[in-house]
Amino acid sequence: IWWLVCCLTIQATTSITLALEAVLGVLGIGLSTTLFFLTATPLLLQGHVALISEPWSTITPWLPHGAAHEAASQLALFGGTQLGRPLAALVVWIALAALTMMVARHERAREFVEMTAA
């Protein structure tokens, strides 16, 4: 199960980065890096979601790094008995990123057709 948590975490973060790049261009990569760093900092400084002040303690478990942290903690401490919510959060991030990339691709193709027709 460890491999599943690692693969979903990597896929979620790379998919989000690619989605932001599809929408914003190269600027999206920098924005993704900045957002991941800023949203992960409270978790990295405190070590556990329960120790983080609001609103971070509410938001962090739903972000990719928070879900990965919770899944890894569940596996290490409890044998992975409660992996549903963190894995679902990672899968939702992957799906949203894929949807964003498809919409961006569709819009770029439509703009290209309009540009060549003119």
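1. Contacts. In this predicted model, consider pairs in the chain with a separation of 6 or more: residues 24 or more positions apart account for 55% of those contacts.

2. Fold. The chain has five helices and zero strands. Its order along the sequence reads α-α-α-α-α.

3. Dimensions. The radius of gyration of the chain is 17 Å, whereas a compact globule of 118 residues would have one near 13 Å. The C-alpha trace spans about 60 × 30 × 20 Å along its principal axes.

4. Burial and surface. Of the 118 residues in the chain, 31% are buried. The accessible surface is about 7,500 Å². Carbon and sulfur atoms hold 74% of that surface.

5. Core. Eleven residues form the largest nonpolar core: Val5, Leu8, Ala12, Ala67, Ala71, Leu75, Leu83, Leu87, Ala89, Leu90 and Ile94. At least two core residues come from each of α1 (2–24), α4 (64–78) and α5 (84–117). The most come from α5, which gives four. In soluble globular proteins, nonpolar side chains tend to be buried together.

6. A residue within the core. Ala71 belongs to the largest nonpolar core. What does Ala71 contact, leaving aside its neighbours within four places in sequence? The partners are Val5, Leu83 and Pro86. Val5 and Leu83 are also listed in the core.

7. Charge. Side chains in the chain include 4 positive and 6 negative ones. The centres of the two sets are 6 Å apart.

Terms used
Residues are numbered from 1 along each chain as its sequence is written. This is a predicted model: local features need pLDDT of at least 70, side-chain atom pairs count only at pLDDT 80 or more; totals for chains, interfaces and linings use all residues. Side-chain values use heavy atoms; hydrogens and water are left out. The radius of gyration is taken over C-alpha atoms; the globule rule is 2.2 Å times the number of residues to the power 0.38. Buried means under 20% relative accessible area, exposed over 50%, partly exposed in between (1.4 Å probe, protein chains only). Contact means heavy atoms within 4.5 Å. Accessible areas come from the Shrake-Rupley method with a 1.4 Å probe; for residues, only the protein chains shown count as cover. Lys and Arg count as positive and Asp and Glu as negative; His and the chain ends are not counted. The place of a charge is taken as NZ of Lys, CZ of Arg, CG of Asp or CD of Glu. A nonpolar core is a set of buried Ala, Val, Leu, Ile, Met, Phe, Trp, Tyr and Cys residues joined through side-chain atoms within 4.5 Å.
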